[in-house]
Amino acid sequence: MSPTAQNTAAHTSKNYEFGAAGSHNLAKGLEHPDKIPEFTDLLAKRKWMLQHMAGAFRVFGRKNYTEGSAGHISIKDPVVPGTFWINPLNKHFSLMKASDMVHVDMDCNVLPTGNQAAVNAAGFSIHAAIHKAKPGIAAACHTHSIYGKAYSSFGKELDMINQDACLLYNRHVVFSNFGGIALDAKEGEEIAEALGENGVAAILQNHGLLTVGQTVDEAAYLFTLMENTCHAQLLADAATASGKKKQIIHDDVAAYTLHMSGDPETIYGEFQPDLSYETAMNPDYLN
């Protein structure tokens with residue numbers, strides 16, 4: 001978002017020097033404790049991905065992102081190309097386990113390697129299109145969270161009004177062509193196209209939020225951040241009715257903040273506190 005003329009006049013450039021992106025930017029004294037692990041065994045990687053996927057559902061359940069049967073997370077299978085994993089229909093996020101996930105191909109054939117269960121038809125349409133169109137994406141998240149669907153009614157991108165919002169700077173879009181429940185594969189394809197080459201998040205107008213990532217942890221953290229950012233902007237916009245004016249972060253500051261803390265490794269690490277809390281409270285999601 002472009003700064004207002006008033007803010008531009010008051011702003012002093014900080015002459016940023018952009019160093020190498022990575023989680024090292026947030027750690028001091030010792031190395032960052034949470035880096036994305038590397039795997040030589042693809043079956044071990046699949047197990048790890050499914051456990052983190054189930055953990056993401058538990059976090060979403062704790063944050064009350066549920067709405068009936070709506071909402072889904074998917075991960076691209078690292079073993080069998082052209083297939084992905086998605087949650088079963090009508091299971092509460094807070095009850096999800098790694099073994100509950102359903103393995104499907106691009107025709108929605110349920111494969112024997114996963115749970116034998118039906119999946120959400122609209123969820124399949126959206127996630128299949130995203131995984132087909134974006135080979136660099138490993139995971140996608142979409143729910144009907146309350147602040148996301150409230151803010152989506154405006155059909156506007158989020159303003160850069162706080163540091164956290166900067167992780168979405170020039171990387172989120174508005175998908176305005178809402179056509180009702182997304183049972184048609186074409187709408188999923190349009191959402192994937194709207195994300196573009198570098199997009200990590202979309203505001204689905206009159207619908208909700210969607211995020212993607214190179215890990216399910218990245219996609220899940222971006223979703224929680226985007227939901228909170230929608231909440232913050234709704235509060236800030238409401239305050240303007242009393243005459244208060246929002247101060248928009250300048251482009252150079254937003255770009256610097258994104259570069260120094262918005263890479264996939266750093267965002268993966270940002271999700272680990274929530275995930276470790278779920279592990280401490282109830283580790284059965286790992287099963």
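## Basis of the model

Residues are numbered from 1 along each chain as its sequence is written, and side-chain values use heavy atoms, with hydrogens and water left out. Because the model is predicted, local features need pLDDT of at least 70 and side-chain atom pairs count only at pLDDT 80 or more, whereas totals for chains, interfaces and linings use all residues.

## Nonpolar cores

The largest nonpolar core has 54 residues, and M53 and F60 are those with the most contacts inside it. A core here is a set of buried Ala, Val, Leu, Ile, Met, Phe, Trp, Tyr and Cys residues joined through side-chain atoms within 4.5 Å, where buried means under 20% relative accessible area, exposed over 50% and partly exposed in between (1.4 Å probe, protein chains only). Once its neighbours within four places in sequence are left aside, M53 is in contact (heavy atoms within 4.5 Å) with I73, S74, I75, W85, I86, N87, M101 and V216. Another core, of eight residues, lies apart from the largest one and includes M160, I249, A254 and L258.

## Cysteines

The structure holds zero disulfides, a disulfide being a pair of cysteine sulfur atoms within 2.5 Å. For C166, the nearest cysteine sulfur is that of C230, 15 Å away, and C166 counts as buried at 1% relative accessibility. For C230, the nearest cysteine sulfur is that of C141, 15 Å away, and C230 is buried as well, with a relative accessible area of 0%.

## Helix contacts of α8

Helices are DSSP runs (H or I, at least four residues) and strands are E runs of at least two, numbered from the N terminus; axes are lines fitted to C-alpha atoms, for helices over the stretch in contact, with angles from 0 to 180 degrees between N-to-C directions. The axes of α2 (residues 42-62) and α8 (residues 264-281) come within 9 Å and cross at roughly 75°, so the two helices are roughly perpendicular (65 to 115 degrees, with under 35 roughly parallel, over 145 roughly antiparallel and the rest oblique). Their contact includes W48, H52 and R58 of α2 and Y268, F271 and D274 of α8, and its residues divide into seven nonpolar, three polar and four charged.

Helix α6 (residues 216-239) also meets α8, with axes that come within 8 Å and cross at roughly 75°, and these helices are therefore roughly perpendicular too. D217, E218, A220, Y221 and L222 in α6 meet residues of α8 including P264, I267, F271 and L275.

Note on methods: Ala, Val, Leu, Ile, Met, Phe, Trp, Tyr, Cys and Pro count as nonpolar, Asp, Glu, Lys and Arg as charged, and the others, Gly among them, as polar.
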